[in-house]
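Dear colleague,

Please find the sequence and structure below for your review. A short account of what was found follows them.

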Amino acid sequence: MTALLHRRERGPENMERETKQPTRLYKYRTLTARTLDMVVGDKLHFADPSAFNDPLDTQPSLENDVGVGDLRRILWALTAQRIAAEMWAAADAMKLRGSKTTDLIKKRSRGQADKLIADIEYSSMGPESGTEETLRHWIECELLRRYGKGIVSLAERDDCPLMWSHYGDQHRGICLGYSVPKQTEGYLHRVTYDGARLVKASAVSAMLDGDSKAHARVDAAVMLRKAESWSYEREWRLVGSRGTKSSSLRLEEIVFGMKCKDSVKYTVMKALNGRSAPVEFHQIREKRGAFDLRKEALTYDDELFVQFPLRHMDLLEAFEDLTVGDATSGEE
């Protein structure tokens with residue numbers, strides 16, 4: 001089993017990726033405080049995949065094409081790797097180094113992996129009875145725990161009616177257009193829609209033995225597959241550590257939904273007026289006689305916005321000079 005154990009866990013940087021990345025990708029958003037932070041603060045939020053709206057997303061299913069003994073070794077190695085990675089992170093935070101630290105982490109991670117395998121065999125009431133199904137379950141769990149990454153979901157189009165309805169607050173929201181810098185290469189990946197969540201146990205074993213191609217296949221199976229019915233999204237995923245952080249993409253365009261309020265458009269455009277890297281603004285419109293969408297340019301000095309900022313009291317204060325009893329007031 002020790003041949004499968006590496007000191008550090010390898011991340012999803014090795015996923016198979018398209019040779020040609022798109023030049024621009026889009027993020028549909030409901031108008032929330034996080035959306036404003038993305039726009040004004042130039043931030044991106046790397047979401048926890050467990051919070052995705054599709055419960056089958058990032059939920060791999062192990063296809064067993066190896067023996068029970070190999071399943072034990074795979075689970076042992078995945079468990080030992082994870083525990084070692086967690087302990088190394090803690091040791092780094094405490095600035096612990098040296099052979100004693102290395103020996104302790106090696107001993108503890110392997111000991112915990114040994115204990116898990118022993119517990120599974122004991123609970124199965126025999127060396128083989130029920131063991132395969134239990135091992136498959138634990139391997140699937142370890143694969144998920146291995147990928148403690150966050151995802152920014154992006155789309156290829158800004159004019160998809162379904163995307164505007166599902167993610168753009170039924171056209172009351174906005175769509176952010178980002179150009180894709182060279183440095184995102186290796187972290188940006190296209191989602192495939194093949195209807196399969198299977199990952200072969202032999203591929204996991206090969207990955208643990210250092211096979212980079214197998215590593216890419218496993219990564220893709222865990223992080224980059226969705227059901228065919230989601231294919232309208234044309235999704236790309238930017239992978240990174242979870243949480244909100246400064247954007248690695250370049251915000252270059254904002255598209256407003258058909259039902260987005262003029263006051264919102266004015267506020268967003270005013271907030272970005274004078275930005276060092278200018279942002280283009282567009283309005284989504286319907287295509288007459290069709291179910292397709294088109295977009296047209298908006299400018300900050302558009303006459304649509306001359307009424308803003310609006311103050312309602314101005315209308316009431318216009319009558320302040322009228323005195324009680326004046327003929328125009330309708331009172332006696």
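A crossing of two helices is called left-handed if the near helix is turned anticlockwise from the far one by less than a right angle, and right-handed if clockwise. Helices (H or I, at least four residues) and strands (E, at least two) are DSSP runs, numbered from the N terminus.

This is a predicted model, in which local features need pLDDT of at least 70 and side-chain atom pairs count only at pLDDT 80 or more, while totals for chains, interfaces and linings use all residues. Residues are numbered from 1 along each chain as its sequence is written, and side-chain values use heavy atoms, with hydrogens and water left out.

The pLDDT (the predictor's confidence in each residue, from 0 to 100) averages 85 over the chain, and 88% of the residues score at least 70. Residues 2-18 fall below 50, yet this stretch has 61 contacts (heavy atoms within 4.5 Å) beyond near neighbours in sequence in the model.

Helix packing

The crossing of H2 and H3 is right-handed. Helix H2 (residues 68-93) packs against helix H3 (residues 99-123) at about 145°, and their axes lie 8 Å apart. Axes are lines fitted to C-alpha atoms, for helices over the stretch in contact, and angles run from 0 to 180 degrees between N-to-C directions. The contact of H2 with H3 comprises 14 nonpolar, five polar and five charged residues; here Ala, Val, Leu, Ile, Met, Phe, Trp, Tyr, Cys and Pro count as nonpolar, Asp, Glu, Lys and Arg as charged, and the others, Gly among them, as polar.

H3 also packs against helix H4 (residues 131-146), at an angle of about 145° with axes 9 Å apart, in a right-handed crossing. Leu116, Ile117 and Ile120 of H3 meet Thr131, Thr134, Leu135 and Trp138 of H4. That contact has five nonpolar, two polar and no charged residues.

Pocket and cavity

On a 1 Å grid over the protein atoms alone, a cavity is a set of points where a 1.4 Å probe fits but cannot get out, and a pocket is an open set with protein on both sides within 12 Å along at least five of seven lines; lining residues have an atom within 4 Å of a point. Grid points are joined across faces, edges and corners, and a volume is the space filled by probe spheres set on the points.

The largest pocket has a volume of about 590 Å³. Of its 31 lining residues, Lys27, Arg29, Phe52, Ser153 and Tyr167 lie nearest its centre. One cavity of 30 Å³ or more was found in the whole structure.

Yours sincerely
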